[in-house]
Amino acid sequence: MITPIEPVVTQLRCPTCGAWQDISDVCRRCKCDLSLVVPLLRERQRLRQSCLAALHDGRYAQARSLALRCCTISRDADNLQLLALTELLTGQYAAALELMTSRE
Ligand SMILES: [Zn+2]
């Protein structure tokens, strides 16, 4: 069985100063505490992997649920695209279209 994999996130952008850096609990530039951001980043990655695995196995309703959880962590373009795909595959065509045509 092929396991769907997406690249492991190894970098994060400091929400305070915008510096890109390796994942760390403290920003290398502004010394901002990132200890709350890092677990969210890892949870996002875990949920996305689970969502992709569910899509691969044809468990579309579960994939949609996981995509929604991803979007509660971050409504970034990748998560919105994943949610739109799951909406499409579960027959929620209007919701998929709305997600694909609107950008926040
Ligand atoms: Zn910073």
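Among contacts in the protein between residues at least 6 apart in sequence, what percentage join residues at least 24 apart? The share is 25%, two residues being in contact if their C-beta atoms, placed from the backbone, lie within 7 Å.

The model is predicted: local features need pLDDT of at least 70, side-chain atom pairs count only at pLDDT 80 or more, and totals for chains, interfaces and linings use all residues. Residues are numbered from 1 along each chain as its sequence is written.

**View 1. Packing of helices H1 and H2.** Helix H1 (residues 37–56) packs against helix H2 (residues 60–73) at an angle of about 160°, and their axes lie 8 Å apart. Helices are DSSP runs (H or I, at least four residues), numbered from the N terminus. Axes are lines fitted to C-alpha atoms over the stretch in contact, with angles from 0 to 180 degrees between N-to-C directions. H1 and H2 are therefore roughly antiparallel (angles over 145 degrees).

**View 2. Contacts of Leu66.** Residues of H2 that meet H1 include Leu66 and Cys70. Leu66 touches Leu47, Ser50, Cys51 and Ala54, with residues up to four places away in sequence not counted.

**View 3. The largest nonpolar core.** This core has 11 residues, among them Leu47, Leu66, Leu83 and Leu99. A nonpolar core is a set of buried Ala, Val, Leu, Ile, Met, Phe, Trp, Tyr and Cys residues joined through C-beta atoms within 7 Å; a residue is buried if 20 or more other C-beta atoms lie within 10 Å of its own. H1, H2 and helix H3 (77–89) each supply at least two residues of the core. Buried residues make up 18% of the 104 residues in the protein.

Key:
Angles under 35 degrees count as roughly parallel, over 145 as roughly antiparallel, 65 to 115 as roughly perpendicular and the rest as oblique. A residue is buried if 20 or more other C-beta atoms lie within 10 Å of its own, exposed if 12 or fewer, and partly exposed in between; C-beta atoms are placed from the backbone.
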